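Dear colleague,

Please find below the structure that I am handing over to you. My notes on it follow directly after.

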Amino acid sequence: MDYESRLNKTILEVKPSGIRRFFDIVSDMEDVISLSIGEPDFRTPWHVSRAAIESLEKGRTWYTPNRGFEKLRVEIADFVKRKYELNYAPKTEILVTVGGSEALDLAMRCLLNPGDEVLIHQPSFVCYEPLTLMTGAVPKIIDTKKENSFRLTSQELEAAITDKTKLLILSYPNNPTGAVMRKADLEALAEVIIKHDLLVISDEIYSELTYSGKHVSMGAIEGMRERTVVINGFSKAFAMTGWRLGYAMGPATIIEMMTKLHQYGIMSAPTVAQYAAIEALKNGDKDIEKMRGEYEMRRRYVVGEFNAMGLTCFEPFGAFYSFPCIKSTGLTSEEFCTKLLESKRVAIVPGNAFGESGEGFVRVSYSYSLKHLREAISRIREFLQEL
């Protein structure tokens with residue numbers, strides 16, 4: 001049977017994730033050290049897992065409200081208020097989702113119509129452009145630059161806007177670069193956004209992994225609350241990737257629309273994970289501090305080693321990725337990663353997996369143990385010496 005002629009053409013034409021492609025190759029190889037996936041090597045804190053176990057022991061395995069437990073939404077509201085000065089009503093302005101990924105998908109499908117233009121700064125996480133295409137909207141790429149520390153400038157934003165532009169997807173702290181936006185940077189963007197009456201989806205999943213200063217949310221910038229959907233979750237800050245729990249915050253009308261879509265497609269996020277998340281938000285601040293301190297040590301080690309090797313690496317102030325430049329080797333990003341994997345059994349991700357502006361760079365995750373990182377760095381150094 002000719003299935004291709006019967007499949008959705010838009011989804012058929014979307015390219016698979018460049019991150020997962022390398023991950024799949026690694027899964028079939030032996031003696032590989034992988035720095036390719038952005039997954040914390042820490043276990044979920046025991047008190048968080050214990051709350052989930054207790055919910056199972058007490059038989060709390062029923063469906064939850066579509067928006068998530070109200071108690072969880074109250075804890076989310078309290079958390080983001082004390083952390084980021086965000087004010088959202090638990091009943092109407094917060095939706096609990098299956099990971100931040102579902103929240104992104106819901107927001108984009110509810111906000112976009114076919115033909116709308118979506119501004120996406122790159123390098124950035126791999127899902128934004130495909131999700132845009134799947135709505136029938138048109139992605140417009142803004143290439144950020146190393147000399148600007150991969151921050152999106154107001155001048156770059158202004159130059160990219162047309163009469164069809166509807167939405168900006170903002171992703172800081174950034175995956176893959178580790179770049180962050182300061183309050184002044186966001187305020188400059190906000191002037192342009194308000195001037196052109198744009199909407200914003202702000203993916204802030206790495207908000208708790210900021211190493212210099214405090215994370216500032218776009219939703220907290222003056223004039224931006226009513227035009228911003230803030231996405232966050234539990235995967236990175238609390239080492240809860242497999243629990244698949246995220247949340248969206250925004251104007252009540254938008255959250256209501258997202259809830260309707262969530263209602264029919266998913267119904268509700270996992271019950272057990274929600275009990276765990278309540279405990280994480282109530283009593284997890286020390287866990288975050290401990291993990292962030294460990295990431296900070298790894299960050300300094302990895303960045304220092306790459307610069308010493310001659311693979312210049314600007315200092316990432318957020319997330320848990322470094323983005324060294326490999327142009328001095330004369331290899332493309334794909335060639336560098338493929339040869340490194342074949343000869344030294346080290347897996348990292350080509351920079352162009354995150355957009356064409358990532359060509360000449362590679363993404364290296366330091367969400368792994370220091371022992372793991374030291375062995376990988378040693379092999380990369382040998383690889384460069386043999387080139």
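Strand S5 is mostly covered, with six of its seven residues buried. Please bear in mind throughout that this is a predicted model.

S5 has pairings with S3 and with S6, and I describe these in turn. With S3, the strand runs parallel, and four bridges join the two. Leu 170 has Ser 202 in S6 as its bridge partner. S5 and S6 also belong, together with H8, to a right-handed β-α-β unit.

**Strand S3 and strand S4**

S3 is joined to strand S4 (residues 138-143) by six bridges, and these two strands run parallel. Within this pair, Glu 117 stands opposite Val 138 in S4. S3, H6 and S4 make up a right-handed β-α-β unit.

**The antiparallel sheet**

An open sheet of three strands is also present, in the order S9-S12-S11 and with antiparallel pairing. Strand S9 (321-322) and strand S11 (349-350) stand at its edges with a single partner strand each, so one side of each has no neighbour in the sheet. The pairing of S9 with strand S12 (residues 362-365) is antiparallel and extends over two bridges. Ser 322 is found opposite Val 364 in S12.

- Gln 122 and Pro 123 are joined by a cis peptide bond, with omega at about 5°. Pro 123 is located in the loop between strand S3 (117-122) and helix H6 (128-134).
- From Tyr 172 to Pro 173 the peptide bond is likewise cis, and omega is near -10°. Pro 173 has its place in the loop between strand S5 (165-171) and helix H8 (183-195).

Which residues other than glycine have a positive phi? One of them is Ala 239, whose phi is near 55°. Ala 239 lies in the loop between strand S7 (228-233) and strand S8 (246-249). Its relative accessible area is 6%, under the 20% limit, and Ala 239 is therefore buried. Met 267 also has a positive phi, of about 85°, although it is not a glycine. The loop that holds Met 267 runs between helix H9 (252-265) and helix H10 (271-283). Met 267 has a relative accessibility of 30% and so counts as partly exposed.

Helix H5 (residues 99-111) has 13 residues. From its first C-alpha to its last, H5 reaches 19 Å, close to the 18 Å expected at 1.5 Å a residue. The helix is mostly covered, as ten of its 13 residues are buried. Among the buried residues of H5 are Gly 99, Gly 100, Glu 102, Leu 104, Met 108 and Cys 110.

In helix H4 (residues 70-84) one finds Ala 77. With a relative accessibility of 8%, Ala 77 counts as buried. The C-alpha atoms of Ala 77 and Thr 259 are separated by 17 Å, and the two residues are 182 apart along the chain.

Met 1, Tyr 3, Leu 7 and Leu 12 make a nonpolar surface patch of about 460 Å². Of these, Leu 12 is found in helix H1 (residues 9-13). Leu 12 is partly exposed, because its relative accessibility of 39% falls between the limits of 20% and 50%.

With kind regards

Technical notes. Residues are numbered from 1 along each chain as its sequence is written. This is a predicted model: local features need pLDDT of at least 70, side-chain atom pairs count only at pLDDT 80 or more; totals for chains, interfaces and linings use all residues. Side-chain values use heavy atoms; hydrogens and water are left out. Patches are made of residues with over 30% relative accessible area and no salt bridge: like charges are joined within 9 Å, nonpolar side chains (Val, Leu, Ile, Met, Phe, Trp, Tyr) within 5 Å. Accessible areas come from the Shrake-Rupley method with a 1.4 Å probe; for residues, only the protein chains shown count as cover. A salt bridge is a side-chain nitrogen of Lys or Arg within 4 Å of a carboxyl oxygen of Asp or Glu. Buried means under 20% relative accessible area, exposed over 50%, partly exposed in between (1.4 Å probe, protein chains only). Two strands pair if DSSP finds at least two bridges between them. A crossover is right-handed if, with the strands pointing away from the viewer, the path from the first strand over the helix to the second runs clockwise. The expected span of a helix is 1.5 Å times one less than its number of residues.
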